[in-house]
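Please open the structure in your viewer and keep the selection tool at hand.

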Number of protein chains: 2
Amino acid sequence: MNVIIVRYGEIGTKSRQTRRWFENILMNNIREALVSEGVEFKKVEAKHGRVLVRTNKAKEAVEVLTRVFGIVSLSPAMEVDANLDKINRTALKLFRRKKRELGLERPRFRVTARRITKEFPLKSPEIQAKVGEYILENEESEVNLHDYDIEVGVELMEGKAYVFVDKVKAWGGLPIGTQGKVVALLSGGIDSPVAAFLMMKRGVEVIPVHIYMGEKTLEKVRRIWNQLKKYHYGGKGELIVVKPKERERIIEKLRELGKEKYTCVFCKFMMVRHADKIAKDFGAKGIVMGDSLGQVASQTLENMYIVSQASDLPIYRPLVGLDKEEIVSIAKRIGTFELSTLPEDEIPFIPKHPIIRGSWEEFRKIYRAIFGEDPGKGEC
Amino acid sequence: MNVIIVRYGEIGTKSRQTRRWFENILMNNIREALVSEGVEFKKVEAKHGRVLVRTNKAKEAVEVLTRVFGIVSLSPAMEVDANLDKINRTALKLFRRKKRELGLERPRFRVTARRITKEFPLKSPEIQAKVGEYILENEESEVNLHDYDIEVGVELMEGKAYVFVDKVKAWGGLPIGTQGKVVALLSGGIDSPVAAFLMMKRGVEVIPVHIYMGEKTLEKVRRIWNQLKKYHYGGKGELIVVKPKERERIIEKLRELGKEKYTCVFCKFMMVRHADKIAKDFGAKGIVMGDSLGQVASQTLENMYIVSQASDLPIYRPLVGLDKEEIVSIAKRIGTFELSTLPEDEIPFIPKHPIIRGSWEEFRKIYRAIFGEDPGKGEC
């Protein structure tokens, strides 16, 4: 294989100008991914609604590129001059390779041809018929359009033919950098990396922020972020670690007031406060959190209301409609699950009975007692 | 079949007290679903971590109950006295029925037994062996533990045996009413019903609100909500329709100011304002919207920032991490897709070039020019 055909989805539906802009970001992210992972390539170029990556390391490159968002599918292909003889021989060669790989005696197959530009003299159905005949003449096999083991693809453009037998599915989504930036709060648990991942998938660059709990948890979060970075080509984002100075004062004061049950809500509120400040420093337009509803008793609409008051920025909660099972399944696919289950620092100040449905009025009173001022938001 | 075994998921992991509360809500929703759909039943009861629904209309009941959130799977079963002879004969009868249904000559099967309470003298592996033998003596078939066509289930509790050959998957999630209420903005498009559905799935009662655009769209939204209601047993929610009085004034003023490009952002901002007011009237703790990122050019983090300022309530956007394809696929499964693609009223005031990345400062200025006051939030 000497080239990879990269297909992208939603970008294709935009205006010409937007599309050019999208393609450029996508190509940039592809280059960055390949360079970062040390996969050699010659050229990345956009052509007629697809991106071509010229490389002799097709297998390695495909593995890397399945992690670049915006890409829907990938086909490692042979580029040859668009003449029927060359197409036939390339198709047969790839067919044989795939047949060996599948270990089938008599594979059923079909040929799917597409003329992207129209200068080639034969039409698509004719190309399909010719290539199909050629394979049948040379190999024990049969054509089956609906139920096939091998699909031989032929795409023609600008005097070249691209022949392939594989179509690898990627994540879809939008290229990172097309949709601005948000701050992602990473706690070390299973949920927050999945939430960050889903925002990244929709083209958002993520600024990862961790509120320090201890060295063990920090190490864990570093490993989680290193894993997430494999999906973040095109984004910058080194992990930002905040050591909150106010924590002990809050905990002490809550104890004094007999309001320990508000500890978790305060802790989350302060996390969002820190995220808010960092977002504003970096020009990020939102905060993403791993909240989902009812997973633990204290994940209630009431407590989320209180926490949301810590910032005027929208808080994105892409997991809010998912069951734990669905979240875990994504975490496993993206490789963060195992890291999230590593040991972490015990948190000594978690109350026995955290408040289930916190009251904003009560929270405000406690806040004023601790800080001598109203919680308020930056923008209000 | 004379009973349905209802299995639920996440509830099982809570404290005894919470669990009782969950079970009661789930049972209530089950009853409401069956009554609403006119499916007769005798009794719904909780027993040892499952719910039993006694009915002679098992098939109809199962179809309805797959739409009750909190339920993970359902098995229509025969309840018989827990003695081996009866279990054997029931198992054989159900095995034969299933064999006919599948149209198999020599099905592979396995028996899975579980003693929920332990008074039955044989242990689970022994029951499995006995029932398996009995089926093998009477029917052309073979046992295969890993690769089977039929699984015969036997659950034993309190002197009864429950025998079944089907396990129907349901949506999971949490029972509606366990997680409070939110307002759902329904526009008539594909996305907003899916967003409302996902919140409902996590146990949230939804108050559906539509901002009036015209009769055709309203009729469409009514049909969409009628479809969503089939997943909303346990919730009340009649559609609330708001006819916004301020719309014409805003549009006129935007034209005067030469700021037509802000029309869509204003329109959404005002929608959230209305949703906010209704939420507060009804004690709802959030607003759910069908926003996803980058689907249309104006779905940007910047515009979502502006819209979010219309309320101090958290705005839940369960679709924010999904691709259009994924949203469409859910819409099709839940039966709203076709309704969402029905014709709707044309909106005459959509500008040619809506603002892509709106500025909050500019929005504020325009808002002041129109309303003579700051946009502000209720709570600030």
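Begin by colouring chain A and chain B separately and looking for polar contacts between them. In this predicted model, 15 residue pairs, with both partners at pLDDT 80 or more, are in polar contact between chain A and chain B.

Next, select the parts of chain A that face chain B. At least two residues each come from strand E10 (181–185), helix H5 (191–201), helix H9 (301–308), strand E14 (315–316), helix H10 (324–334) and helix H12 (360–371) of chain A. Which of these elements gives the most to the side of chain A that touches chain B? That element is H9(A), with five residues.

Now widen the selection to both partners. Here 46 residues of chain A are in contact with 47 residues of chain B. The size of an interface is often given as the accessible area lost when the parts come together. Between chain A and chain B, the buried area is about 3600 Å², and carbon and sulfur atoms give 50% of that area.

The next stop concerns charge. Side chains of opposite charge can pair when their charged atoms come close. Six salt bridges are found across the interface of chain A and chain B. Select A:Lys201 and B:Asp323, whose side chains form a salt bridge with an N to O distance of 3.7 Å.

Then stay within chain A and select A:Lys324 and A:Asp191. Their salt bridge has its closest N and O atoms 3.0 Å apart. The two residues are 133 residues apart in the chain, with A:Lys324 in helix H10 and A:Asp191 in helix H5 of chain A. Over all chains, the structure holds 74 salt bridges.

Finally, turn to the largest pocket, which holds about 1400 Å³ of space. Select A:Leu322, A:Glu326, B:Leu322, B:Glu326 and B:Ile330, which are the closest to the pocket centre of the 47 lining residues. H5 and H10 of chain A, together with helix H5 (191–201) and helix H10 (324–334) of chain B, each give two or more residues to the lining. Coloured by class, the lining of this pocket shows 16 nonpolar, 14 polar and 17 charged residues.

Definitions and conventions:
Residues are numbered from 1 along each chain as its sequence is written. Chains are lettered from A and ligands numbered from 1 in the order in which they are written. This is a predicted model: local features need pLDDT of at least 70, side-chain atom pairs count only at pLDDT 80 or more; totals for chains, interfaces and linings use all residues. Side-chain values use heavy atoms; hydrogens and water are left out. Contact means heavy atoms within 4.5 Å. Buried area is the accessible area (1.4 Å probe) that two parts lose on being put together, summed over both. A salt bridge is a side-chain nitrogen of Lys or Arg within 4 Å of a carboxyl oxygen of Asp or Glu. A polar contact is a pair of N or O atoms within 3.5 Å; within protein, one must be able to donate a hydrogen and the other to accept it, and residues adjacent in sequence count only if both atoms are side-chain atoms. Helices (H or I, at least four residues) and strands (E, at least two) are DSSP runs, numbered from the N terminus. On a 1 Å grid over the protein atoms alone, a cavity is a set of points where a 1.4 Å probe fits but cannot get out, and a pocket is an open set with protein on both sides within 12 Å along at least five of seven lines; lining residues have an atom within 4 Å of a point. Grid points are joined across faces, edges and corners, and a volume is the space filled by probe spheres set on the points. Ala, Val, Leu, Ile, Met, Phe, Trp, Tyr, Cys and Pro count as nonpolar, Asp, Glu, Lys and Arg as charged, and the others, Gly among them, as polar.
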